[in-house]
Amino acid sequence: MAARQPRFNQALLLDTTPLPSSIPPVAEIGASSAPLLSAAYFIGARCRPFNDDYMKCKTDAHGRGEFECMREGRKVTRCAASVLEDINRNCLDEFRRHWNCLENNNQQLWQCRKHEWKLNGCVFDKLKLEKKIPDAPANETPVHLRKRQIYSHNEPGVIT
């Protein structure tokens with residue numbers, strides 16, 4: 001047994017330094033990982049220009065752009081929040097079914113393709129946003145559109 005008593009350091013640390021007025025304020029999105037994963041491709045589709053600006057800023061700053069790129073980062077956050085609001089407003093049931101499936105299946109996308117297809121259809125019909133996997137081979141069926149999911153625990157690899 002150890003002679004030293006354990007010490008726990010559990011203090012909440014808050015930085016109360018205000019940001020400069022040149023950086024516009026933005027509210028946190030407030031979503032857990034499952035809804036963000038469910039909406040990720042739609043966020044990418046609508047927010048790509050903002051994401052590209054942010055990544056260019058970070059690249060130009062050579063890894064030291066936390067403060068310098070905050071304006072671009074906040075634009076990305078506002079855009080992502082607008083996508084989530086639009087999905088919640090127009091496709092709430094499909095969105096909830098998909099992210100609840102992800103939550104219950106360890107965030108494994110292939111377990112939730114049936115719900116994903118319904119969500120993709122709703123988002124495309126109502127918001128005109130389409131799920132596209134970047135750099136996917138043009139001559140192959142994208143993985144999210146395949147009828148046969150090899151690792152799914154549904155019937156032997158077939159989604160109905």
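Predicted model: local features only at pLDDT ≥ 70, side-chain atom pairs only at ≥ 80, totals over all residues.
Local features were considered only at pLDDT of at least 70 and side-chain atom pairs only at pLDDT 80 or more, whereas totals for chains, interfaces and linings use all residues. Residues are numbered from 1 along each chain as its sequence is written, and side-chain values use heavy atoms, without hydrogens and water.

H3 (residues 113–127) is a helix in the DSSP sense (a run of H or I of at least four residues, numbered from the N terminus). Its 15 residues reach 20 Å from first to last C-alpha, close to the 21 Å expected (1.5 Å times one less than the number of residues). Just after H3, Lys128 takes a positive phi of about 60°.

H3 packs with H2 (residues 70–104) at an angle of about 170°, with axes 8 Å apart (lines fitted to C-alpha atoms over the stretch in contact; angles run from 0 to 180 degrees between N-to-C directions). The two helices are therefore roughly antiparallel (over 145 degrees). Residues of H2 in contact with H3 include Ile87, Cys91 and Phe95 (heavy atoms within 4.5 Å).

Leu119 touches Ser38, Phe42, Ile87, Cys91, Glu94, Phe95 and His98, not counting residues up to four places away in sequence.

Note on methods. Parallel < 35°, antiparallel > 145°, perpendicular 65-115°, else oblique.
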